[in-house]
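Thanks for coming. I will go through this structure chain by chain, and then stop at a few individual residues.

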Amino acid sequence: MMEKLKTSKVIGTIIMGMLAFLFISPLLWMLSSSAKVEQDVMTYPIEWIPREWNFFNNFSKVWLEDIPFDLFYWNSLKIAVITTLLTIIISSMAAYSFSKLHFPLRNVLFIVLLAFFLVPTESTLVPRFILINWIGLYDTHTALVMMMAFSIPLTFLMRQFMAGISDEYIEAAKMDGAGYFRIYWKIMLPMVKPIIATAGILKFIWTWNDYQNPLIFLTSEQLYTITVGMQLLSSEFGTSYATTMMAAVSAILPLIVVFLILQRHVIDGITVGGVKG
Amino acid sequence: MSEKAVSNYKTKKKPSLWNNKIKESISGYLFLVPEFIGVFLLGIFPLFFSLYLSFTDWDLVSGLQSINFIGLENYRYLFQDPAFFLTLKNNLIFSAVYVPASIILALLIAIAISSAVYFRDFFKIAFFIPYISTMVAVASVFAVLFHPSLGVVNNFLMSIGIENPPGWFGSTDTALWGIIIISVWQVVGYNVVIYIAGITGISKELYESAQIDGAGKFKQFLYITVPQLGPTTFFLLITSIVNSFKVFDVIAFLTQGGPNNATNVLVYYIYEEGFQNFRMGYASALSWILFLIVAAITIVTAKSQKQQF
């Protein structure tokens, strides 16, 4: 902060600050409404600080009454954690193979991967649904994990990073008698830890937010994730907006907290790989 | 570790080069097995199976033995199906607004953040937060904000003198616009972050020499920033177009394609036909059209990019 404040930059900061506030105001409004009594939610002009606090009442309506919101939460958490771990292992194995091992048809296989990256998952919904039915996994969490435990963009991201690691480490380990799996596990993975963290956070967020897969592959309420649970909740509570906002806060807040703690990883990963789920 | 490696190298017999190669190849394939199980399960099999299904009239409920091969019937029906053309039209409107809006807005915000403000990281994070927020939760917030009579948005519009504010998600004229607003709002931050990275990569010297030549800020923006960001814009263009054809969550959650099909788009129509009407054959034909559209756009855009540079 040695440089002098420039007037133009101060003005720019103020204008952008207002724009940024406008931009995230729906989320701030959600936060404040979740702590209000029902009749205060729709007041205009907006009261950012609740006139009458009703936080605990709304909280207990969402979390402790008819709808098993805690169960949806647990389901989402379980699926997101398992899916993330599997994706990291599967993608990093492929990334290691594509970046450091030499074998016939490697480039052809890479192009196959690239080609299927371009197939929108939405266009394979019907056959995947039939497949899951046939193997008897309809309405199970296993089906969801199976549908989501792969990520071609994250494979690309990790491959890019592993390609940048010097071969000397690998050669040294080879002379030490280490096999390829040992090299992958003991050398490659530890060396690309930062990008694994990035990939893990991104995958976790994508899985947590996924609505399409649970909508199609689940039907039992006790298996619902937070996203399909939200749907159930909003049909149950109808026009009870304060309660709906409390549910929305509950769904989003953990992601925002995790993101704020680890934001550098997330933003770096997106910038480097242009990754998008 | 390296010392030990060297001593081992000296004492151990070196296995033949050929053996090493075979070992490496086998390992290479083995490491790819899990990923390619995924490619087969979620890519190859579904793609070709849905191509097959698209030539049948299967309804899922009545077992595989009642599968009827009907040739191109589904595709012929598709090209006469007014509902299909309506969803295609909605999708095109969505794309035509969503793609330029999310890119131009992001470019302007990114430039402002990288040149005209203090606390850059704070701004990056603020604009990025919607991108990580759960879409269905966000949609339920917007539904309340855009409530036709009680919502904050319409209250604001009325306070600045608009007497008949739009009915948003309740009206066939404006529901799609509501969907577009939510979708753009959610994705802008992602584009901003990508653009900021691109802007950081532009050489400072370009601006300095432009300044010496007497070019103003706006000219610099037009003749340096925009062309230098070409590859970034191209990347965002492809991802935005492709994503605009995949829009689903917000529609499925908020409007179910309504009111009166005003927000029905391709993916939602596939969902309706396949999972509500159980017309698996027809839904598969629609899926293939979606796939072909996305593939065509990607290839055409990629080709035009190559010619340009």
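Which domains does the domain assignment give for chain A? There are two entries: domain 1 covers 7–54 and domain 2 covers 63–273. Please keep in mind throughout that this is a predicted model.

Let me stay with those two domains for a moment. The centres of domain 1 of chain A and domain 2 of chain A, taken over C-alpha atoms, lie 33 Å from each other. The two do touch: nine residues of domain 1 of chain A are in contact with seven residues of domain 2 of chain A. On the domain 1 side of that contact, four residues are nonpolar, three are polar and two are charged.

Now chain A as a whole. How many helices and how many strands does chain A have? The count is 13 helices and zero strands. Reading along the sequence therefore gives α-α-α-α-α-α-α-α-α-α-α-α-α, and the overall form is described by the radius of gyration, which is 23 Å for chain A. The globule rule gives 19 Å for 277 residues, and 23 Å is well over that, so chain A is more spread out than a compact globule. Along the principal axes, the C-alpha trace of chain A spans about 70 × 65 × 35 Å. Of its 277 residues, 44% count as buried. If we take contacts in chain A between residues at least 6 apart in sequence, 75% of them join residues at least 24 apart.

One residue gives an example of a contact across the sequence. Met162(A) sits in helix α7 of chain A, residues 152–163. Is Met162(A) buried or exposed? Met162(A) is buried, because 21 other C-beta atoms lie within 10 Å, and the cut-off for buried is 20 or more. Leaving out residues up to four places away in sequence, Met162(A) touches Ala95(A), Tyr96(A), Ser99(A), Lys100(A), Met188(A) and Val192(A). Take Ala95(A) from that list: Ala95(A) and Met162(A) are 67 residues apart along the chain, while their C-alpha atoms are separated by 7.2 Å.

Next, some backbone geometry. Most residues other than glycine have a negative phi, and most peptide bonds are trans. There are exceptions to show in both chains. In chain A, the peptide bond from Tyr44(A) to Pro45(A) is cis, with omega near -5 degrees. Pro45(A) belongs to the loop between α1 (7–33) and α2 (55–63) of chain A.

Asn261(B) is not a glycine, yet its phi is positive, about 65 degrees. It lies in the loop between α12 (249–254) and α13 (266–276) of chain B. Asn261(B) is buried, since 20 other C-beta atoms are within 10 Å. Phe278(B) also has a positive phi, near 55 degrees, and is in the loop between α13 and α14 (280–308) of chain B. With 15 other C-beta atoms within 10 Å, Phe278(B) is partly exposed.

That brings us to chain B in general. Chain B has 14 helices and zero strands. The radius of gyration of chain B is 26 Å, against the 19 Å that the globule rule gives for 309 residues; 26 Å is well over that value, so chain B too is more spread out than a compact globule. Its C-alpha atoms fill a box of roughly 90 × 75 × 40 Å along the principal axes. Buried residues make up 42% of the 309. Among contacts in chain B with a separation of 6 or more, 69% are between residues 24 or more positions apart.

Helix α11 of chain B, residues 230–244, has 15 residues and should span 21 Å at 1.5 Å a residue; its end C-alpha atoms are 21 Å apart, which agrees. Its buried residues include Thr232(B), Leu236(B) and Val242(B).

Finally, confidence. The predictor gives the complex an ipTM of 0.88 and a pTM of 0.88. Chain B averages a pLDDT of 87, and 94% of its residues score at least 70. Which element of chain B has the lowest mean pLDDT, and which the highest? Helix α1, residues 2–11, has the lowest at 49, and helix α4, residues 82–115, the highest at 94. Where pLDDT is low, the predicted coordinates should not be read in detail.

Definitions and conventions:
Residues numbered from 1 in each chain as written. Chains lettered and ligands numbered in written order. Predicted model: local features only at pLDDT ≥ 70, side-chain atom pairs only at ≥ 80, totals over all residues. pLDDT = per-residue confidence, 0-100. Helix = DSSP H or I, 4+ residues; strand = E, 2+ residues; numbered from the N terminus. Domains from an automatic or database assignment. Nonpolar A, V, L, I, M, F, W, Y, C, P; charged D, E, K, R; others polar. Buried ≥ 20, exposed ≤ 12 C-beta atoms within 10 Å, placed from the backbone. Expected span 1.5 Å × (residues − 1). Rg over C-alpha atoms; globule rule 2.2 N^0.38 Å.
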